[in-house]
Every structure is written in C-alpha cells, then in structure tokens.
Amino acid sequence: MKYSKATNYALHTMLFLVAAASDKPVGVQQLAERQEVSPTYLSKILTKLVKAGLIESASGANGGYRLKRKKEDISFLDIIHAIEGTASLFDCTLNHPSECLIQQEMVEAERRMEDYLRNKKISELAAQITVAL
C-alpha cells in the first residue's frame, strides 16, 4: 500500500502545526522550507486541508495557516482522507455472478486500517517533539 507524496507532506505539515500549538498563522514559505518542497505545490495541499476543515488560512502581511479544529480531534485518517479522498484502495474488475470474495476481504482489511488511523491522533506524535517557530 502506498500513499502519495502529497499525503506525506500533509501529515508532516499538520504535525508541525499541531506541535507549534500557536494561534499565530504560519506562512506557506516557512512550511515549505521545513520540508524542502515548493511553496506552490504545498499551497495546493494546504487548500485541500482547508477544504476539509482541518486548518484555516489568514490573509494579509502576517497571514498563513493555523489549525481550525482542536488538535486532539485531528486523526491521521482525517488528514489522509483530505488528500487521498475516501474511495476504496481495491476495486475488483472481474465480472462475478455474486459478490467478490476477494473484494470482501480487501474491504475488511481496509476497514481495520482505517479504524487504527481514525484512533491515532496527530497530537500524540506532536507531544513527542518540540517545534520552534
């Protein structure tokens, strides 16, 4: 199973924002420099996180991004779904007279993984690090 680079950057960005625990917005340039990624590329990822209601943007000279939800409520799955969507990872393309047994097993495995990621909060990791703004 493989997630996109965008998900990797989104998880790291959210970890930084949660660990920083500041109401002061963090600029896209600073977020991009921390991960050595293009600010333009990261802006697209941040837009998805805003649309998902995880963060909010503040415009102006001191603008940037900050958490919109309580940090304790943000799960790994919330972030992954914001970037990857909620479609199943496996889709059986064979014509079966009845429901595909392989599809059933794959969906169950995915459900278990999602349960784990839903219960794993990004704040749990953030508590293990310190971040200087």
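**A closer look at one helix pair**

Mentor: Helix 1 passes helix 2 in a right-handed crossing, where helices are DSSP runs (H or I) of at least four residues, numbered from the N terminus, and right-handed means that the near helix is turned clockwise from the far one by less than a right angle, left-handed anticlockwise. This is a predicted model, in which local features need pLDDT of at least 70 and side-chain atom pairs count only at pLDDT 80 or more, while totals for chains, interfaces and linings use all residues. Residues are numbered from 1 along each chain as its sequence is written, and side-chain values use heavy atoms, leaving out hydrogens and water.

The two helices pack at an angle of about 115°, with their axes 11 Å apart; axes are lines fitted to C-alpha atoms over the stretch in contact, and angles run from 0 to 180 degrees between N-to-C directions. Helix 1 brings N8, Y9, H12, T13, F16 and L17 to the contact, and helix 2 brings Q30, L31, R34 and Q35, contact meaning heavy atoms within 4.5 Å.

Y9 is buried, with a relative accessible area of 18%, whereas Y41 is partly exposed at 33% (buried is under 20%, exposed over 50%, partly exposed in between, with a 1.4 Å probe and protein chains only). L42 touches Y9, T13, L31 and Q35, among others, not counting residues up to four places away in sequence.
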